[in-house]
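Subject: Structure handover and notes

Hello,

Please find the structure below, with my notes after it. They cover one chain as a whole, then the interface, then a single residue.

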Amino acid sequence: MIALAALLCGFIFGWGLLISGMMNPTKVLGFLDIFGAWDASLAVVMAGALAVTSIGFAWAKQRGTPLLAPRFQWPTRSDIDRPLVAGALTFGVGWGLAGLCPGPALENLASLSPRVIIFVIAMAIGMMVGGLLQKRAIAEGPAY
Amino acid sequence: MNNFTPIAAAVGGALIGLATVLLMMLTGRVAGISGIFGGLLSLPSSDTIQSDKIWRIAFIAGLILAPLTGTFVGHALAEPQLPASWPVVVVAGLLVGIGTRIGSGCTSGHGVCGIARLSPRSIVATMIFMAAAIVTALTHHVFGA
């Protein structure tokens, strides 16, 4: 049941990216390149998603438990640490280079484009490297 | 602003929000794509971890299925335009992977789920990755790459 629910959610999410044009790296770069022929669409996508999610999450918090699982797994951390800042910077540079973030990258696998496949493989390797870096940082203790 | 498509963007954005709320309401999970995908990359160990992978695979399958069904209703499946240079494609993928893992999230996890919860971590992360992406895209524009 949980897998079916996840499949449906992934499908709706995918349609959201498709309709909004956010699967298209050129459109995403059209937003990021503010000195080019600026395309504000990405901001509207974010605003639409945030409007629905803010209301929905507030409702979920009132409900207390999800329908198919024992509890809500809300993230709990609120500290701003060096990995968060360094990670966001690194991700931003990669996103600005290709116009692809993880969701659209995975969704574009549907086109079987060799460039997308290579991008996703590199992204997976990057995540594993990032995981190793995290483990080493924990083993060595905070350096700051 | 000749490429601005506000209505499609608002409808698509609302659908992304709907999927995010549904995933939380049904499974209790945050719809952060880098986190969902990254959870598949850990080495297999116990059975509980294996069962944790099924919903992740299902979500990504749904994501990939969407544009395939789109072809039936007039959304032709287009090959996305990525940088011509292979090394740039590889480096961009690596940076997105490393950055989202170390920074605990991407556009969906921080930009949508986190900001909707008014998480300070997500607000800061989103401002940083947006700024970094804008500066990077600007250098593109300047060098015409």
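What pattern does chain B follow when read along the sequence? The answer is α-α-α-α-α-α. Please keep in mind throughout that this is a predicted model.

Chain B overall

The count for chain B is six helices and zero strands. Along the principal axes, its C-alpha atoms fill a box of roughly 50 × 40 × 35 Å. Chain B has 145 residues, and 52% of them are buried. Of the contacts in chain B with a separation of 6 or more, 39% are between residues 24 or more positions apart.

Helix α5 of chain B

One helix I looked at in more detail is α5(B), which runs over residues 107-116. This helix is mostly covered, with nine of its ten residues buried. The buried residues are T107(B), S108(B), G109(B), H110(B), G111(B), V112(B), C113(B), G114(B) and A116(B). Just after the helix comes L118(B), which has a positive phi of about 55°.

The interface

How many residues of chain A are in contact with chain B? There are 105, and they meet 100 residues of chain B. On the chain A side, the elements giving two or more residues are α1, α2 (25-32), α3 (41-63), α4 (82-98), α5 (102-107) and α6 (114-140). Helix α1(A) provides the largest share of that side, 18 residues. Sorted by class, the side of chain A that touches chain B has 69 nonpolar, 29 polar and seven charged residues. I have given residue counts here; the size of an interface is also often given as the accessible area lost when the parts come together.

S20(A)

The last item is a residue in helix α1 of chain A, which spans residues 2-20: S20(A). Is S20(A) buried or exposed? S20(A) is buried, because 27 other C-beta atoms lie within 10 Å, and the cut-off for buried is 20 or more.

Leaving aside neighbours within four places in sequence, S20(A) has contacts in both chains. In chain A the partners are S41(A) and V45(A). In chain B they are A8(B), A9(B), G12(B) and G13(B). As for P102(A), it is 82 residues away from S20(A) in sequence, and the C-alpha to C-alpha distance between the two is 16 Å.

That is what I have for now.

Regards

Note on methods
Residues are numbered from 1 along each chain as its sequence is written. Chains are lettered from A and ligands numbered from 1 in the order in which they are written. This is a predicted model: local features need pLDDT of at least 70, side-chain atom pairs count only at pLDDT 80 or more; totals for chains, interfaces and linings use all residues. Helices (H or I, at least four residues) and strands (E, at least two) are DSSP runs, numbered from the N terminus. A residue is buried if 20 or more other C-beta atoms lie within 10 Å of its own, exposed if 12 or fewer, and partly exposed in between; C-beta atoms are placed from the backbone. Two residues are in contact if their C-beta atoms, placed from the backbone, lie within 7 Å. Ala, Val, Leu, Ile, Met, Phe, Trp, Tyr, Cys and Pro count as nonpolar, Asp, Glu, Lys and Arg as charged, and the others, Gly among them, as polar.
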